[in-house]
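Have the model open while you read, and go through the points in order.

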Amino acid sequence: MQTQLSQTRPVNVGFLLLSDFSLVAFTGALDVLVTANLVAGKSVFLHKTFGVNSTTVTSDLGLNIATDDTIDALANVKTGALDVLIVCGGFRSSLVPNAKLNKILRDADKASIILGGIWNGAVSLAHARLLEGQECALHPDNHAFMQETFPAVTVSPKTLVHQQNRITCAGPSSAFEMMFSLLKKLSSGELVRAVREILSCDQVAESRDAVPLQLGDDPTLPERLRTVMALMRKNIEEPLTLAELAEFSGISRRQMERLFQAHLGISPSRHYLDLRLSHAQRLLHQTNESITNVALASGFVNISHFSSCYKDTFGVSPTATRAKKSAD
C-alpha cells in the first residue's frame, strides 16, 4: 500500500455500517477524508459504504442511510480495490457474531487491507479472530464484554489505538482523530496540518489519542490514587484486599483511604464494589452468561450477596436486568 498520497493513485476507504451505527462518529471520520480531497484539490481518498445485509442501514439517530453496496461486494476483495475497511458500530449495535461478516473481514486481512473499528466495531474484528494478541480501543460500555468474551485481546484504556494494519477507536471524537492518524501515515505532513487547521479550530487539544476513558485515567488525580484505581480495574474477577492494594501501590491503607475521600468523596471499598457491580451490569446486558457466571466474573463467590449488592446499587435485581435484556 502506498505511504504517500502523491504516489500513483487515491487511497480507497470502505466504511462498513452496522445497524444502529453512530452517525456522528461516521460523519466525523468521513469529513476528514472529504476535507483532505478539498485541500489537495484532487481525489486523494475515495470512499464507499457497505451494509451487512442491505443497502439501507438505520443509524443510531433513526435515520436510514443508503449505502453503496452490501458486504457481498467485498467477497475476494483485493488491495487496491480497497486499502482500508472500517467497521462502524454504535451504542445499540449488535455484539452477536455474523458468519458472513467474519469471512469478509478475514479475506480483507489476507489481502493486507488495513482494518479498523469505530465505537464497538472492534468487536466484529474480534469475532473474526483478527485481534488476538493485539490491543484495541472501543467504547467503555463494551470493555467488560470484550474482556470476558475475548481474553486473548487486550482492551486499551485509550480511546484510539493504531498498530500496523489495525486501527480502532471508542467514539465520535476519537473517530475524528483516527482518520487523522491514517492521514498522517498515508500523506504529507503539510496536508495533515492543513486539514486539521480547518476541522480542529475549536478543539482545545490537538490530539485525542490518550483521552482518558475512565475516572482513574484522569491525569489531574494524584499518581498513587490512579495506581490504586488501575489495580482495581485490572483485578475485577479476583479482587485484591485493601491491604494488598495499599501494599502494591506503595502507600499505607490510611493514606489510600484519605486519597479516595479527598479526591473522589468515597471510600476505596465502595469504589471497588461499584466497579465490580458496573462490570456485572454490562455483562448482564451484553452477554448470555448465567447470573452465577456473571457474579463470579465480577468477583462475587456468594450469589445471594451479589444479588443483594446489585439491587441496593441499581434498584433492580440481576434477574430483572437479564429479563429486560431479553424483552428488548
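1. Which ring does the charged end of arginine 196 sit over? Look at phenylalanine 180: the charged end of arginine 196 is 4.1 Å from the centre of that ring. Keep in mind throughout that this is a predicted model.

2. Now step back to the whole protein. You'll find 13 helices and eleven strands in its secondary structure. The radius of gyration is 22 Å, close to the 20 Å given by the globule rule for 328 residues, so the protein is as compact as a globular protein of that length. Its C-alpha atoms fill a box of roughly 65 × 40 × 35 Å along the principal axes.

3. On burial and surface: 48% of the 328 residues are buried. The accessible surface comes to about 15,400 Å², and carbon and sulfur atoms account for 50% of that. As for contacts between residues at least 6 apart in sequence, 62% of them join residues at least 24 apart.

4. Next, the aromatic pairs, of which the structure holds seven. One of them joins phenylalanine 15 and phenylalanine 26, edge-to-face, with 5.2 Å from centre to centre and 75° between the planes. This pair links distant parts of the chain: phenylalanine 15 belongs to strand E1 (residues 11-17) and phenylalanine 26 to helix H1 (residues 23-40), eleven residues apart.

5. Phenylalanine 26 has another partner worth a click. With phenylalanine 21 it makes an edge-to-face pair, 5.9 Å centre to centre and 85° between the planes.

6. Last stop, helix H7, covering residues 223-234. Its twelve residues reach 16 Å from the first C-alpha to the last, close to the 16 Å expected at 1.5 Å a residue. Which residues of H7 are buried? They are Leu225, Val228, Met229, Ala230, Leu231 and Met232. These buried residues pack against three other helices: H8 (242-249), H9 (253-264) and H10 (268-286).

Methods: Residues numbered from 1 in each chain as written. Predicted model: local features only at pLDDT ≥ 70, side-chain atom pairs only at ≥ 80, totals over all residues. Heavy atoms only, no water. Helix = DSSP H or I, 4+ residues; strand = E, 2+ residues; numbered from the N terminus. Expected span 1.5 Å × (residues − 1). Buried < 20%, exposed > 50% of the residue type's maximum accessible area, 1.4 Å probe, protein only. Contact = heavy atoms within 4.5 Å. Phe/Tyr/Trp six-rings, centres within 6.5 Å; stacked < 30°, edge-to-face > 60°. Lys NZ or Arg CZ within 6 Å of the ring centre and 35° of its normal. Rg over C-alpha atoms; globule rule 2.2 N^0.38 Å. Areas by Shrake-Rupley, 256 points an atom, 1.4 Å probe, with all protein chains shown as cover.
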